[in-house]
Amino acid sequence: MPGTPILQLERIEVIYDQVILAVRGISLAVPQGGIVALLGANGAGKSTTLKAISSLVRAERGEVVQGRILFDGTDITHANPAKLAESGLVQVLEGRHCFGHLSVEENLKTGGFVRRPSRADLSASLEKIYHYFPRLKTRRHSLAGYTSGGEQQMVAIGRALMAKPRLILLDEPSMGLAPQIVEEIFEIVRDLNQREGVSFLLAEQNATVALRHASYGYVIENGVVATEGTASELAGSDALQASYLGGKTVASLVAA
Amino acid sequence: MIYTEAGQFSIRYSHDRRIFRLRQDRIGITALLLFAFAAVPLLGNDYWFSAILIPLLVLSLAGLGLNLLTGYAGQLSLGSAAFMAVGAFATYNFQLRVPGLPLLASMALGGVMAAGVALLFGLPSLRIKGFYLLVSTLAAQFFVEWFFTKFGWFSNNSASGVISAPPLLILGHDFSNPVGRYLLTLAVVVVVTALARNLVKSELGRNWMAVRDMDTAAAVIGIPLLRTKLLAFAISGFILGVAGALWAFTYLGTVEPHGFDLARSFQILFIIIIGGMGSILGNFLGAAFIVLFPVLLSQLSGSLLSGVIDAGQLENLQKIIFGVLIIAFLIKEPDGLARLWQIARERARVWPLRY
């Protein structure tokens, strides 16, 4: 990995409710301009890791009790979530969370206000989003609540992009979407990555799709990194299968 | 180590259904009840019974009534004091107009009347939700207060609608002295609380929680919304009615309709917010906070600042400090005092480990 990574986690531990240990010492790095996938079964700690990075765990009675999170070399372990969005680290939440009573265009605009843009700047950014998501342009005046799941996911990603982020935390972009739409969304993610230089850290259940587009991956199991490697290494190994389907633990496979 | 469930197995379904499944909890609650019934009457004095323990118990019971409705079934209400008033006035009238009716039976019937009124004002709850429901229950608050002031028959045509406690005779025993009133209140509160604790662990209680968490999902799995919500209003109204009767007859002795005003409804709402929504224990903790803290503050300020600031200012100062305390506490623990207890229990279970 050349240069300093844009995001670095050093052995972080997250506790919910002062007694439940959800993440037990995860270390990972996202290189500048990279796409990194976090894989693992339900409850492995993927979402908690993402929320720890964006400081949203505190809203759910969680706390990072150990370790450090570095964004661009600065410590953001206990940073204010709003300040993080301002400095270019934006999360797209699992389950999209569009503002249902706002139109698609209004939803997108809300994402841009954090930069305090001029009118011209705002509409230029909008045009750019519509360039990447032409579907959204045709639906720009419909209420987000009445658009399809795939369109809502596009709105959520587009809204994050309006802040001109350097790193996007993408939580389960494929949730509840048809394979074709998933493919479309991942194509756009890769496009954004290559043309705009946005880095991505994405948590995903759909390991096949994620590894096809990511460059590096971490497999998380019970709150620890069970194995990591380049996308092609992981796609070819048994470790991934074991972590989803059970049977042998990943740790024993790696040792063997 | 001390608070562990290791080795405590449920070998019968009846064990699983116990109100307190853990031996430590059973020992603790038995000790507490013994202390409350046997030791407190010997240790306490009249001031403690009349000014602190009785209102504490009655307000806990009122909190319990509202908590079933708001904390468990998720229906906001500001009509608590109105249902208490119905309970008090109905009990008074049953005692007055039905000769020979035992006091406890009158209280129960008063509760039933309050349940009926609560049911009526709960009818909009199927269509109205959240803050709008809160506003519609205000109607109950203003209507009931007006009703008992307007129609003298309910207060036996006494001046300004004041009613006085009937003689507190149960099976020939007189409970009119402070210790007697304390024991009577305690007994009623313990019985109703045990019933309520059972109720929230029953099918109905689980239905309430389902409706609270997401009423659409509850309807989809076959929980009848209207019946569930109305039962919450009725049972909550019953408990509030009994609490109202106790408030009027074991605590105050004489009461007028304005004694059950909006301020009282807010007080009960604050009890469950501070104590903890959706918790039986929370009502007692919240009532203790509301009743004991002002007493403590006035004692403290009386001894520390009596010469420095004049009495009127001091009283305002106490209210300000009390308000600040509530805000500070709710920032620290938005889920109420009961949550602190729950976290302490969780930590005691894994002690001496951290998690």
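Hi everyone, a word on conventions before we look around. Residues are numbered from 1 along each chain as its sequence is written, while chains are lettered from A and ligands numbered from 1 in the order in which they are written. Since the model is predicted, local features need pLDDT of at least 70, side-chain atom pairs count only at pLDDT 80 or more, and totals for chains, interfaces and linings use all residues; side-chain values use heavy atoms, with hydrogens and water left out.

Let's begin with the sheet in chain A. Here, 4 strands make an open sheet in the order β2-β1-β4-β5, with antiparallel pairing. Its edge strands are β2 (20–30) and β5 (74–75), each of which pairs on one side only. When I say strand or helix, I mean a DSSP run: E of at least two residues for strands, H or I of at least four for helices, numbered from the N terminus. Two strands pair if DSSP finds at least two bridges between them.

Now follow strand β1(A), residues 7–16. How many of the 10 residues of β1(A) are buried? The count is 7, so the strand is largely enclosed by the rest of the structure. Buried means under 20% relative accessible area, exposed means over 50%, and partly exposed is in between, using a 1.4 Å probe and protein chains only.

A:Leu70 has A:Asp75 as its bridge partner in β5(A).

Two backbone angles deserve a stop while we are in chain A. Most residues other than glycine have a negative phi. A:Asp17, in the loop between β1 and β2, has a positive phi of about 60° although it is not a glycine. The hairpin of β1(A) and β2(A) has 3 residues between the strands. A:His97 also has a positive phi, near 50°, and sits in the loop between β6 (89–92) and α3 (104–112) of chain A. At 48% relative accessible area, A:His97 is partly exposed.

Next, the cores. A nonpolar core is a set of buried Ala, Val, Leu, Ile, Met, Phe, Trp, Tyr and Cys residues joined through side-chain atoms within 4.5 Å. The largest one has 80 residues, and the members touching the most others are B:Leu61, B:Tyr182 and B:Phe260. Helix α3 of chain B, residues 46–72, gives the most to this core, with 15 residues. A second, separate core has 46 residues, including A:Ala156, A:Met162, A:Leu177 and A:Val198. Going back to B:Leu61, and leaving out residues up to four places away in sequence, its contacts include B:Val189, B:Ile239 and B:Leu246; contact here means heavy atoms within 4.5 Å.

Now for some charged residues in chain B. Is B:Lys229 buried or exposed? B:Lys229 lies in helix α10 (residues 225–252) and is buried, at 2% relative accessibility. Beyond four places in sequence, its neighbours include B:Gln75, B:Lys129 and B:Asp215.

B:Glu333 is in the loop between α13 (311–332) and α14 (337–350) of chain B, and is buried at 6%. What does B:Glu333 touch, not counting residues up to four places away in sequence? Its contacts are A:Arg61, B:Arg339, B:Leu340 and B:Ile343, so take a look at that spot, because one of those names belongs to chain A.

B:Arg264, in helix α11 (residues 262–275) of chain B, is buried too, at 18%. B:Arg264 touches B:Ala81, B:Met84, B:Trp247 and B:Gly259, again leaving out residues up to four places away in sequence. B:Arg264 and B:Ala81 are 183 residues apart in sequence, with their C-alpha atoms 5.7 Å apart in space.

Last stop: the surface. B:Leu32 belongs to helix α2 (residues 23–43) of chain B and counts as exposed, at 52% relative accessibility.
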